[in-house]
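Subject: Structure handover

Dear colleague,

Please find below the structure that I promised to pass on. My notes on what was found in it follow, and I would be glad if you read them with the structure open beside you.

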Amino acid sequence: MRLISLLHLFSIVLFSITGAPLIAATYQVSKLSPASSIQQAINISANGDTIIVASGVYYEKNLIINKSVTLIGVGYPIVDGEGKYEVVSIKSNFVKLDGFKVQHSGYATLQDPAGIKIYDAHNVTICNNVLDDTFFGIYAQYAKNCVIKNNRLTSYGKEEQQIGNGIHCWKSDSMQIIGNTVSGHRDGIYFEFVTNSIIWRNISTKNIRYGLHFMFSHNDSYITNIFSKNGAGVAVMFTHGVRMFNNTFEENWGDAAYGLLLKEISDSYIDGNHFKKNTSGIFMEGASRITVKRNTFENNGWAIKIQASCMDVTVTQNNFFGNTFDVATNGSLVLNTFNGNYWDKYDGYDLNRDKIGDIPYHPISMYAMIIEKNPPAMILYRSIMVALLDKTEKILPTLTPENLKDEKPLMKPLRL
Amino acid sequence: MNKVIKYVFIDIVRNRIVLAYTILLSIISFSVFSLEDTSAKGLLSLLNLILFIVPLVSIIFSTIYIYNSSEFIELLVSQPLMRKNIWLSLFSGLSISLTLAFLIGAGVPIMIYQPNATGCIMVVMGCLLSLIFVAIAMMSAVSTRDKAKGIGAAIFLWLYFAVIFDGLVLFLLFQFEDYPLEKPMMVISALNPIDLSRIIVLLRLDVSALMGYTGAVFKGFFGTQSGFVVSLLVLILWVAAPLAWSVYKFDKKDL
């Protein structure tokens, strides 16, 4: 211990001379070593030091990391918040937290205690941790350039009001959320006022509200994530410049569930995603200048619900299979295009063999229009009356918007 | 009474039409289940067909059968038998044979592909629909002597329950769209056995999520044990009421 302190002193001296720690000290924390709590080790450490924590259970009350240190857990040491405290608070830049098991955070709706919270810091890395039974999981506020990678977050929320979000970022910039697994929280991943960030290869399942909740967060991308079995799917709202590539939205099935809910979104791309077995694949309201391309819509209740408040939405080169309704809208105004998709319900022909159907496809059925106007009419679903109405409408369109059609429907599904 | 039931039953079974009906049902059921990629989806498509075919065949076949056996009925009436018993044994014979045809034709494939509660409920609904439309047929047959008129009435009644009623419902929904119609709709759906059985089966399938708020209200009632019992009772009432009325009419009828 003495030697360590000396070394420590030495590094501080060096640090003060050169402005950078030349020799970063390494501290061991375990139940047997002199520094038996992580907080002690942090208190005696200096910026740039490394603290290695052996396995065991640590009751740190609220562990505050206020120096630029690297904490490495060996064999998943458990940091327990005893159901009362915020478990780990990071209040310094250049902190790395690697390989811990963080559990039993406090529960309070006013302070929002989290498993791991970043306060006003940049270049923080949180990786390979396991969080269990936390109110909020990983919470970042005013954070910048942080990496949240390969963490596993589990919670056991029953009601929306009684649980926080898995990965919660607020007023942050340049965040990287990569390879995390989140379940049982309110929102799996929550972004508000977060810009220039990436959400990549995460799995967000069985959360009570949204798998991903996104508000006022411009110029972000989310790529190759899986969102399944969440209470209401994924919501992206009041944002411009979002790129949504190669994600899977599946089994968001329920009375008020969406695969993807878009509200007041502009200049965004939805490309190469898979929408499977959602009540509504995509629900768009007030969306403009959006490209929906190369997606697969499979076995959804409604593949796309597009309100008349949307404009310049381009839906092209998508595959539609086995959806109860392909497209639904609530008005006759159509400012969007639907050309060049494959629709499994298309029954036209292709005389010149250019693989494009010769007659346009109208993806809106009359019954879909009726339901949009009068939702209780859904009780007539699958009755003979409805089948008759749809057939007559197909022959002589009256109620469905004339302009909503695919001029170049594909004869064969695209390979996606 | 049992003797009359036996005679009617054997007479109907010997009739090729019921045999053809059984075969038709089984061909449709098996092909629907093998065409759809999941058997739950098959059940949904089959629901449509059953709601269309079972009432139609039951009502038309029964009406024609009663008119064709008018001489036999007259013969029976001349015997020391109660008129009520004669009419009830006719009903029993018809409903046993048509229910049996449904059970063999559609019940067996459903039980093979969907041996669960939903499948069972669908089979029960099919049987009840057979009974209901036999009863309605007897009502239309007793009301007039004229065969053409009686069959016409039967066809019209089928058309009413299968199509026109839903059209009226749709009309009502649009006329009163400013009002909350979920609860009245529950009562209205009880006025049509075809609608009622369709809704009961639909609510048990995945697609019920599409039904939104209305579906939730319906599920809140029909999804519960007591709601299910009530709806079964309503369907049984749909058998009993037309039957009782036709028995009353037949009792007083001047043959």
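Helix 1 of chain B passes helix 5 of chain B in a right-handed crossing, a crossing being right-handed if the near helix is turned clockwise from the far one by less than a right angle, and left-handed if anticlockwise. Helices here are DSSP runs of H or I with at least four residues, strands are runs of E with at least two, and both are numbered from the N terminus. Please keep in mind that this is a predicted model, in which local features need pLDDT of at least 70 and side-chain atom pairs count only at pLDDT 80 or more, while totals for chains, interfaces and linings use all residues. Residues are numbered from 1 along each chain as its sequence is written, and chains are lettered from A and ligands numbered from 1 in the order in which they are written.

To stay with this helix pair, helix 1 (residues 2-14) and helix 5 (residues 83-113) of chain B pack at an angle of about 40°, and their axes lie 8 Å apart. That angle makes helix 1 of chain B oblique to helix 5 of chain B, because angles under 35 degrees count as roughly parallel, over 145 as roughly antiparallel, 65 to 115 as roughly perpendicular and the rest as oblique. The axes are lines fitted to C-alpha atoms, for helices over the stretch in contact, with angles running from 0 to 180 degrees between N-to-C directions.

Residues of helix 1 of chain B, including Val4(B), Ile5(B) and Phe9(B), meet a set in helix 5 of chain B that includes Ile86(B), Leu90(B) and Gly93(B), where contact requires C-beta atoms, placed from the backbone, within 7 Å. By class, the contact of these two helices has ten nonpolar, four polar and no charged residues; Ala, Val, Leu, Ile, Met, Phe, Trp, Tyr, Cys and Pro count as nonpolar, Asp, Glu, Lys and Arg as charged, and the others, Gly among them, as polar.

Also in helix 5 of chain B is Leu103(B), which is partly exposed, with 18 other C-beta atoms within 10 Å; a residue is buried with 20 or more such atoms within 10 Å, exposed with 12 or fewer, and partly exposed in between, the C-beta atoms being placed from the backbone. The C-alpha atoms of Leu103(B) and Asn85(B) are separated by 26 Å, the two residues being 18 apart along the chain.

Turning to the interface, the contact takes 29 residues from chain B and 19 residues from chain A. Helix 7 of chain B gives the most to the side of chain B that touches chain A, with eight residues, and that side divides into 19 nonpolar, six polar and four charged residues.

Chain A has four helices and 38 strands, and buried residues make up 45% of its 416 residues. In the loop between strand 26 (243-245) and strand 27 (248-250) of chain A sits Asn246(A), which counts as partly exposed with 16 C-beta neighbours inside 10 Å. Asn246(A) and Thr224(A) are 22 residues apart in sequence, yet their C-alpha atoms are 4.8 Å apart.

As to confidence, pLDDT (the predictor's confidence in each residue, from 0 to 100) averages 89 in chain A, with 95% of the residues scoring at least 70, but stays under 50 over residues 9-21 of chain A. The mean pLDDT of chain B is 90, and the model scores ipTM 0.80 and pTM 0.82.

With best wishes

Notes: Contact = placed C-beta atoms within 7 Å.
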